[in-house]
Structure formats: structure tokens, C-alpha cells
Amino acid sequence: MSAFSRREFLQATGALIVTFSSASILEPLAFGQGPFDTHASHVDPHQLDSWIAIAADGTVTAHTGKCELGQGMLTAQSQLVAEELSVPVARVRLIQCDTDLCPDQGTTSGSQSSPVNFNDRNLAQAAATAREALLGLAATKLGVAATDLTITDGTITATSDKTKRVTYGELVAGRKFSLPLSTTAKRKTAGEWKVLGKPVMRLDMAAMATGQFEYVHNVQVPGMLHGRVVRPPRLGATVVAVDESSVSHMPGVVRVVRRGNFVGVVAERQWQAAQAAQRLKVQWSGGGNLPAQGEFYGRLRTMKPSRDAFAVNSKDVDEKLRQAASVIKATYLYPYQAHASMGASCAVADVDDGKATLWSPTQSVYPTRSGVAMLLGLPPESVHVIFTRGSGCYGLNAADTVSYDAALLSHAVGRPVRVQLTREDEFRSESYGYAYVIDQRIGIDHDGTILAWDYEAWWPSLGFRPGYDKPGNVITGFLAGFEPERVAAQTAGEVVTFQNRINPAPSYVSGCVGGNCGGAGKVRSERVLAHTVPSSFLTGPLRAPNRVQNTFAHESFIDEAAAHVKADPVAYRLRHLKDERLIEVVTQAAKAAGWDARPSPKPTVGGGSASGRGIACVAYSGDNGYVATVAEVEVDRARGQVRVKRFVVAHDCGPISNPEGLKNQIEGGTLQGMSRALGEEVTWDDQNVTSVDWGTYHSLGFEFEVPAVESVLINRIGVPATGAGETAITVVAAAIGNAIFDATGTRIREVPFTPQRIKTALAAKTYL
Amino acid sequence: MSRITLTVNGHAHTVDVDPATPLLYVLSDDLQLRGPKFGCGLGQCGACTVIVQGRTIRSCVTPVGTMKGAEITTLEGLGSIDRPHPLQQAFIDEQAAQCGFCLSGVMLEAKALVDANPNPSDGDIQQALSGVLCRCFVHTRMLRAIKRYAREKKA
């Protein structure tokens, strides 16, 4: 249904519609644009213009460009609309991420995973606009002042005379209102919330638990065929020849498709497509020659070209380090990691007669529309992308690339095609989370105070989110002939403003640039220099991108400094922090955990098992959520195994929209962080990636002892809400590493903390 | 191709397919069931789990030809949104999912366990679920839901 016909439909029975056509979209993103942000919005005000429609039966239909990915956005956004309109959540119907029906709100990405960040200035503002308009209509109809009216469950009542009442449906019935979004409509404050702030149960939970929920994997359209892809056996290999006769005799095979180095097969049935993809003979040339994994981190330091940038540079760091009573240094290593979604990605495309429809699990329907249009040579208006949920993605998994796969295959056969990637397809060529090498140096004065902090990092990058115009950023677009974004040389220049979006600066520096100090800490001598260098593998945002890696290094290193001066790790952090919200979460986590205040490591206790506790904290992206986590571990010295017994997480994301959803995110983020800290690493040989299934890519399963995750929720009303999807995961590796140090006196500086690495470190007494 | 009759969630279905076809493809593509899902296709993650004769199997690596006459139960065979099975109700009450893609593995392993062992220890549950994954890491809630189900079933 087109936007216009939908409006006609609603107006046929009467409706009140709030549009942004005359107001245009309002600050679609809560933050400025940067390399890790969602792309700028490309709203065409003539094409789509409604945020909210209230129908004559009182139901509220809201349109959003932010999608449910498993993180609870459907429920939280429904709460947001229900709150502003004073209706029960059940009366709200949320239409998510459909390019024919919803506004362009870029990408639904975790780093801004707060409904208020997402829709504070548009969806909720539209609901507030509607509420004010309805109050005005009711005042006229009831003959009372608007200030005399209250709303409960979509019924407006005069306070002075309770017999005077009218429902939204009665106000709307038979009439048509089309209102521009009012930027001055008054939003409810967190103190007034009745629907937000409550532990509303996930609206999709029952459907999921009973196997009724329709994922993209379940989409079937008439005449649909099944496709599989054939990826290069070596990274970078190109197609010399495809021998169609190797599969053309197989039952059900419809077509072998080649486009540049993209190869796929289409068959009548999924099993036929899977077999044909396995048997198709493709002659490949070149590729491989991957750097030995053992030498990988060392090579990053010398890779060219290098894009260099300071986050902050007080220009006195070398001098202060010379003056310091002592200087400590350490290098931290973080591997490439995979999104490793539970389900290998899937999409359905129907391309025919110059038009394309996609059922896609993408986080970015409009950018995917543009990417598909570029691949197929169609105008974007001819492409309709319907978000259909896939498996949880945690960032740029293969959702976009499989959408391109389906589009290319459907385009070739002129019939609808469903593409299911294999586990290996996805593990081999998804856009991995970044590897990092981080050198840290701290100068400490005679009383143990940090004088200067020096950070230098190297991280490899190739591609990113495809955005609106770079389909080559993911594997299918690249194979089909589009270029990925590559690192361009850049010399580190003057810092103009301090921003800590990917947390390269530790929380303990002052972040002073031009007299403004935006850091969370007190250390005035500060230098933070990062080198982005070329990657052999495609890379992209994976939950808390860069923040996880940087925070592992910062929060491990502050612990090393505390140990160096024999200070308690909590007290030492607090001594160098100035941000009150960060101080609060550290204090609360320590209190709730019953923190044993003393320096680390713990006085040595004999025996095969050692126990310890560690803490780590972060102001996520500088100011987008605050978290501190205490981990309590046991280390089996002989086997090198770490068992986390307990996590205590203190969390401040401003006013809490849904405490139940927040706890679920904190628990999941923390345990996923534990899996990434203890097991997950992309591996390769000289030809290709070798972590290709769940036997070779080590996600923690249910066999490990699941620790308690105790959440301390700090509900800070009166400040803007911040993200909550990526905060908890950011500190986990450091908290565990610090606890291992506390238990054993041994510092593990390389993620993941595998039993082998722990045994080696214990034997070598890595620390000092 | 051959005609194969399967009993799924109490209903008989006859399909005409290559008997080597993984059961999962028949359940999802032919019978349009949404419970069992393609996770890895390798029998490693559990997303495709179904119950056959009281035991869990991975339908992605089970040829449909071996399922002639078998009684197969999928996640949707336990209960419905209006009348959820007590295990499903426990997962709803504990809000024990995020993306929900792993639920066939987690819930059906749990059901098979509790049916066979009404009083499972934490270790028993860990052992029973050792072959399934949840990548959103909703483990704490899932374990709570399973224990709640076992407790309420006994009561």
C-alpha cells in the first residue's frame, strides 16, 4: 500500500494525521555525524509524511524508521507513543522500517539504542502534537478550557465536570485532520510517565515463545525460488570460469548466476540450491596470501596507508613522562571478532519489470534500498524494502549482504528468490569487529597520582556499513564490482574539539581542547593517537564497536597503575575521575558487590584455584550511558580456566523507559561480553578464514556455569535518556581481566583469555 | 523424489521430496512452520530442534526420509499464543528471549529434560542445553524459566 493510499484509507473513516511534510524531519539523529554514526537522513517530504495517525476507532498507528532487532525497540517505542497520547500500549500499532510506509531514520544501531534518542524529537513529538490537537478539539466540543481537561485511556474528561467527556475516536470520527508536526507541543516529563518507565512485557514475546513469530526466514511469496551463493575459497580470489554444466543436469536447478566475482545458484527447492552450490565448479584465481596470524598484531604497526588522528593532545606528555617518578607501559591486543548471529542470514527479493521488493533483516532499510538500486541499476524509488526481523544481529552481520544476494539472484531469474546463507558463508565474509593493538603509558608522581596518559593504537579497517552509496562495503557488493571504503592516508592534525565517541580517550583524562575540558577525568597531560590501517578482511560495527577494545585497554591499564602504587582499584579510579555520573556508577557497583577495598593482587593463597574480583567502568561514547561492572572470578591455575561467579552492574542511562527491557539488555550484554572476552576470535591461515562454524568460533554455550548478573539501575530523571544496548558489554573484558589479576597476580593483555593464554601467562608471570 | 508422510504436531502431512532433504527444509518450506529455524545447518546450534518420540533431534541434519511415520513436535506444537504450554508461559513470564531465534533449541531441550527428569539440578540443565546456543545471551532468564517450569510442573 502506498503512503498516499494509506492516508486515503485512514481518512475514509476519519483520522487525525500528524505529518512532518511542512516541518521537515527534525534532527533525526541525536548526535552529530561521524564515521561511526548512522548516515544522514534522506527524507523526501513529498513521498512519506506521516508519523502518527489516529483512526476513528481510536487506534493509533505510528510509523517508525527504527526497527526491532531483538533489543526491545518495538515495545519501547510503542510505550513512547502510548505515553504521549495517554492510551494503553495495546492500542498502538507500530509499523517499522518499511520504505513505502515509514520515514527514513537511517540505521537502527546499538550505539544509540534508546527510544528517546531515536524518536524523542520526531515520533514522540508527533504524538505530543496529536495530543495537543485532540485537547483543543475536545475543549471546543465540551465547551471548557483545554487546561481543564485530562486524558485517560484515550478519553478526554473535564476536571470541573466529569460528565463532560469525549473519546479520541468520537473527536476524529467522520472528519479529516492533517497537522504538521509541532515543535512546541509539550512532551511529558519522566516524572509524569505512566506507561514509560514501567516494566512493560515484550509485545513479541508470546509469539516468539510459541513459534508463531514470522522471521525473514519464514517469508514465502508466490512463485518463490531458492538461492545459495558460492563465495571465493580464498580471500580476494577472482572468477576465471564458471562451469554451468557441472550443475545444470541437477534436478530443480534454474540458473547459475555470475556477476563479476559474485556467483550464485537458483533452484526450485532449498535443498536443490544447497546441493548445486556445493557442486558448482568454479575456477578461481589469485587471492589468499594472508599474513600469518602469529605476526598479525606486529604488522599492524607498520601498515600503510595510515589514517592518523589525535582525540586529544596536550603537547606536554613527553615532558611529563620525563618528570614522572615512575612510568609504566603495556600493550593490549584485541582480535577480530564475528557478529556470529544465531541464524545465518536470509532475505527474500522479488525483482521483476523494473521494480524490486525486498524482505530484509537490514538495520537500514533506506540505505539498503539505495544499495540495491545501485546493484540493479534501478532508481531507488523502484525499490521497496520491508524490514522483516532476522536473528539478533549485534551490528553489521550479513543482513545487508544477503539482501544484495537475493536481489542479484532474483534480478537474474525474474522471479522471487529466497537466499539462505550458510554458516560458513557468513563466518568467512561478514564484516568483522575491529582488531586492535593499543600501547599505553602512564607517568605517575611520587604520591601515586597519574601525571600523564599516553595512548597509541592501530586498528585495521576495510569497508563499513554500505550507507546510501557504498554497496562495495559488504562482500556481495564488493564481489559484484563495487569498491569498499579503504583507509586513506592522513596525518594527525590539530584537535579542534574533544569528542570521545569511540572511547579512545580513557575516562581518567580531562579531555581539554581550547580551554574546554570534555573528559570524564582529571589527568591534564594527555595524548591519544589512533592509526587506522588497511585490513585484509571486511570490517564493520560489532556491538560497542571500538569502545569494547579501547575500554579493555584503558580499564586494564588503570588497574595496572593502581596495582603499581598499591592502591585499591575502586579508590584509585575515583581519585582520577571528575564525571559525577561515572563516579556514581563506580560507587554503586562497588557498594552492591560488597567490594573488598584493598590493592590487587589479593594476598597469595595456595592451591589450584584462585579467586578474585575486578572492576571496570566507562562513560560510553563519552556521554551516552554510564556503567561500572564488578566481576568475581575463580581461576583454575592448572587448566587455565576462568569461571566468572558473579557480575554486579551499576547502570545509568538517564530516565529508564522500560526497566525490564533494560535489565535484559544488561544481562545479555554482560554475558555476551564474557563470551567475547573468554572465547571469541576470528582465525585464519594463509588462504582464508578458518573459524567457520561453532566448533572453530568459540561462543560460550550453556555448558559453562552461568554467573549471576545483578543489575543496579540508576533511574536519573530530568536528564536526556542515553543508549543502553552497548554500555554493559563495553566493560566486561577489563572487569574479568582485572579479576584474574586480582586472583593470580598475572595480567592477561590479550583477548580472548583462552585457557592456553592463561596458562602461558601464569607460567611466565606476565605482570611486571 | 518420493512421497513421505510425516506426523507433525499431531497432523499427518504427505510431501513429495528427495528423501535426503533435511527435515528442517520440509518443516519450514513445505509445512510453513516457524518454530524450527535454520541456524547453522550443521547440527551445532540447536535452532532447528524438534522433538521426535520424546527426544530432541536437529532437523537441519536429519534426512526427511528417516522420519517416515515419526511423530514430530515443533515449538508451535506445544501451545499457542492464546493457550501457551506451561514451559512457554514460563519463558513469557521470565521474558526469557531477546531475538528469539534460539528458542526451539533452548525450550525443546528443556522440555525433553524435564519430561524425563522432573527435578533437574542446575548441572542437569547445563548438560541438557550444552548442545544449543543463544547468541543474545539470555542465559540467566532462560535458566530461571526452565526451573520455574520444572517447579510448577511438579506442584
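Reader: Which residue in strand 17 of chain A is the bridge partner of A:Asp352?

Author: The partner is A:Lys355, in strand 17 of chain A. Strands here are DSSP runs of E with at least two residues, helices are runs of H or I with at least four, and both are numbered from the N terminus. The structure is a predicted model, in which local features need pLDDT of at least 70 and side-chain atom pairs count only at pLDDT 80 or more, while totals for chains, interfaces and linings use all residues. Residues are numbered from 1 along each chain as its sequence is written, and chains are lettered from A and ligands numbered from 1 in the order in which they are written.

Reader: How many bridges join strand 16 of chain A to strand 17 of chain A, and in which sense do these strands run?

Author: In general, strands of a sheet pair through backbone hydrogen bonds, either parallel or antiparallel. Strand 16 (residues 346-352) and strand 17 (residues 355-360) of chain A run antiparallel and are joined by 5 bridges.

Reader: What is the strand order of the sheet, and with which pairing?

Author: It is an open sheet of 7 strands in chain A, ordered 11-12-9-19-16-17-18, and its pairing is mixed. Its edges are formed by strand 11 (253-259) and strand 18 (383-387) of chain A, each of which pairs on one side only. On average, neighbouring strands of the sheet are turned by 20 degrees against each other, direction ignored. Axes are lines fitted to C-alpha atoms, for helices over the stretch in contact, and angles between N-to-C directions run from 0 to 180 degrees.

Reader: Which strands of this sheet does helix 8 of chain A touch?

Author: Touching rests on contact, which requires that the C-beta atoms of two residues, placed from the backbone, lie within 7 Å. Helix 8 (residues 270-279) of chain A packs on the sheet against strand 9 (225-230), strand 11, strand 12 (262-267) and strand 19 (417-420) of chain A, and its direction makes about 20 degrees with that of strand 9. Helix 12 (residues 399-413) of chain A also packs on the sheet, touching strands 9, 11, 12, 16, 17 and 19 of chain A, with about 35 degrees between its direction and that of strand 16.

Reader: Into which domains is chain A divided?

Author: Domain bounds come from an automatic or database domain assignment. For chain A these are domain 1 (1-194), domain 2 (221-286 + 339-429) and domain 3 (436-764). The C-alpha centres of domain 2 and domain 3 of chain A lie 36 Å apart, and each of these two domains gives 28 residues to their contact. On the domain 2 side, helix 11 (365-376), helix 12 and helix 13 (423-429) of chain A are the elements that give two or more residues.

Reader: Is A:Asp559 buried or exposed?

Author: A residue is buried if 20 or more other C-beta atoms lie within 10 Å of its own, exposed if 12 or fewer, and partly exposed in between. A:Asp559 counts as buried because it has 25 C-beta neighbours inside 10 Å. It lies in helix 15 (residues 547-564) of chain A. Beyond its neighbours within four places in sequence, A:Asp559 is in contact with A:Pro569, A:Ser600, A:Gly614, A:Asn738 and A:Phe741.

Reader: How many helices and strands are there in chain B?

Author: Chain B has 6 helices and 5 strands, which run β-β-α-β-β-β-α-α-α-α-α from the N terminus on. Of its 155 residues, 55% count as buried. The radius of gyration is taken over C-alpha atoms, and the globule rule is 2.2 Å times the number of residues to the power 0.38. For 155 residues a compact globule would therefore have a value near 15 Å, and the 15 Å of chain B agrees. The C-alpha atoms of chain B fill a box of roughly 45 × 30 × 25 Å along the principal axes.

Reader: Which domains does the assignment give for chain B?

Author: It gives domain 1 (2-77) and domain 2 (79-154) of chain B. Their centres, taken over C-alpha atoms, are separated by 21 Å. In the contact, 14 residues of domain 1 of chain B meet 14 residues of domain 2 of chain B.

Reader: How many residues of chain B are in contact with chain A?

Author: The count is 51 residues of chain B against 46 residues of chain A. Helix 6 of chain B gives the most to the chain B side, with 4 residues. That side divides into 25 nonpolar, 19 polar and 7 charged residues, where Ala, Val, Leu, Ile, Met, Phe, Trp, Tyr, Cys and Pro count as nonpolar, Asp, Glu, Lys and Arg as charged, and the others, Gly among them, as polar.

How values were computed:
Pairing = 2+ DSSP bridges.
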